[in-house]
Amino acid sequence: MTVLSIRNLGVAVGDQQILNGVDLEISSGQVHAVMGPNGSGKSTLSNAIMGKPGYQITSGSLELDGQDLSSLPTWARAQAGLFLVMQYPTEVPGVSVRETLEFALKERGLEEVDVQSRLIEEAKQIGLQNELLDRALNVDLSGGEKKRNETAQLAVLGPQIAVLDELDSGLDIDALRACAERLEAMTEEGLGVLCITHYHRLLDYLPADRVHVLVNGQIVESGGPELARELEANGYSRFTDSDSESDGVSVAIGGRSEINRVLAAEPEDPFADPLA
Amino acid sequence: MASTRTSLFETPDWTELIGSRALTKRRKEAEKRSLQTGLPSFEEELWRYTPIDELEPSSYKVDSPGGAITDVGLTKGLDEQAAAIIHIVNGQIVSISTIDEAVSVHSEGTELENAIGSVVAPSLDFFADSNLAYCATPILVEVAANAVITSPILIRHHTTVENLAWFPRVMIHAGENSQSTIVEHQSSSDVDALVCPVNEIKVGQAGRLNYLTVQEHGPSVWQIATQVAEADRDAHVSLSQVALGGAYARARIDAKMTGQGSSSEISAVYFGRQNATHDFRTFQKHEAPHSNSNLLFKGAVDDESRAIYTGLIRIEPAAGDVNAYQTNRTLKLSDKAWAESVPNLEIENNDVKCSHASAVGPIDEEQKFYIESRGVPADIAEALVVKGFFADVLKGLPSSMVSDAIDIRIEQLLALDMGRS
């Protein structure tokens, strides 16, 4: 059992504080969805988890099975078991998927893995044409092909925890289903997923165990899968409008006490945040 | 050899240089011009940023002692597939072998003498004039009209003598409607020497010529090269440079689109280390309508090395319907490395599409982050990004064998173990 523990995480980019005390705990086999309006800090969360340069952790902790990740460089976090599916996978001219994964696996002492065969196998499962594997990383790939490519890489590397930063953005329904179903199969083998998304559609194929609402850098509500449907139907106005009320629970943005109250209002939750 | 006092160099006895009286007369005129012109100054725009004031010609002896090639370096293996092989060592022709009948090589005679200076004008600069004065072994390579030569013509210039100054000169006449590839390899052992090549290229109507220059001199060699190519009507010339060595390695590359419908591709890969300076000056001159040129120069500077690029696209008034592009990118791999890039346009016709782009900077952090995020250690991720940066230029080189060898050399320079056996 692997656990990614994010406690009271504060993250700044430059002199701007983006995340203000985020708590999440994702265990093997679980899917946690994080939803929120634009600018709420969703991509900051994924970049901070992966240690992207420029994202400074200003408070709290980030641990994988008790190991502090915050002091590790990006590559060491990946070696420890994290994988980030990027919202906009970066084009890297002249560098192939195969050689990238070979170096990654070699670092883990897995030189014997036939990366090309594994990639072809995974590409077949998610409907990615083999010849696209020969292209440089993300160069001349459509949005859908890039996300399928990300998913294939994830499957070959076999991380413990995957962070999906809007896997569904720019994807047609076929690509979405192919990627999500492959990820769902991996969760059954123990993959833990933090899925950042705007829409419920992805969660139709990759059902979430928990759904969290991120607003202004804080998780303001957590709930079961039904919360995602409600968000898609009603939007985030009840979280962004400080005068509104929801189910008798007053939601305020700003302090940890309010967040804890929201979380505490869900005693039936089997995955309740231990800090709540 | 006896010395004279008519040159900045310690010069040879004229009687030992090949050529008719007429050529000797031109040589003497060129020497006189070079003496009058004198060494350029770094205050001149074309020599800005260069260490040219450190050059002391009298410390080199102009000579042609000959010798043997000690290392074929990046062109290893090319001999087996070459259409012709020419070896010139320390100013002496060591061997000329022509395998393909469509190739002829002249090392003397009227055709050769007429070709000398037919593309590179007198008074271009001190070094081009010095080359005309002292080139001991000029050669003319002719490719017959309508010939299609799929194998490369291989020319090796090799330097092994300490304090030698020499002046390789190669003229290429690619015949009408011909197609050919030339690989010129400039290399040396680890000596302190000065090599000033001049390369004059004419591509006849509808001809296609690929010319690849590979420079892998030792770390103390100064090379000051001049290459001028003219493309006739509907002709295409591709000029590629790979520069990996030298203390100060300069190449002036002029591509002239003289015939309507002509085109050129100009590319370079350079990698500076230690205290090396790589210096490129390019000139895309469109004299005729419907002509195209595209330039892509990519380099990296590591340690305390330096790179200079200045380029000019000039569109003459008569040249309408022209596309001309110029891109230079240099990666700075260390804080102490330095690079400058200055693109220029001079456009005298309204019916043109022109662009220039230049950038000097560190490697792309987003690309590095992407590769690292897969679990690739930071140093390897950075090396992969640098290797990938060169890929498009290397892919376009006319010899895949040389391209692969350069790719491997770059991996070695980046300490990147790709697991090649």
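Among the contacts in chain A between residues at least 6 apart in sequence, 68% join residues at least 24 apart; two residues are in contact if their C-beta atoms, placed from the backbone, lie within 7 Å. This is a predicted model, in which local features need pLDDT of at least 70 and side-chain atom pairs count only at pLDDT 80 or more, while totals for chains, interfaces and linings use all residues. Residues are numbered from 1 along each chain as its sequence is written, and chains are lettered from A and ligands numbered from 1 in the order in which they are written.

Let us stay with chain A for a moment. Chain A has 10 helices and 14 strands, taken as DSSP runs (H or I of at least four residues for helices, E of at least two for strands) numbered from the N terminus. The mean pLDDT (the predictor's confidence in each residue, from 0 to 100) of chain A is 88, and 87% of its residues reach 70 or more. Please read residues 243–276 of chain A with this in mind: pLDDT stays under 50 there, and the model has 43 contacts beyond four places in sequence for them.

Now to chain B. Its domain assignment, which is automatic or from a database, gives domain 1 (14–362) and domain 2 (365–421). The centres of these two domains of chain B, taken over C-alpha atoms, are 27 Å apart. Across their boundary, 24 residues of domain 1 of chain B are in contact with 16 residues of domain 2 of chain B.

Next comes the meeting of the two chains, where 24 residues of chain B are in contact with 26 residues of chain A. On the chain B side, α5 gives the largest share, 11 residues.

Finally, the core. The largest nonpolar core has 200 residues, and A:A162, A:V163, A:C195 and B:V237 have the most contacts inside it; such a core is a set of buried Ala, Val, Leu, Ile, Met, Phe, Trp, Tyr and Cys residues joined through C-beta atoms within 7 Å. Helix α5 (residues 378–395) of chain B supplies its largest share, 11 residues. Domain 1 and domain 2 of chain B both give residues to this core, so it lies between them. As for A:C195, its contacts include A:V31, A:L164 and A:L206, not counting residues up to four places away in sequence.

Terms used. Buried ≥ 20, exposed ≤ 12 C-beta atoms within 10 Å, placed from the backbone.
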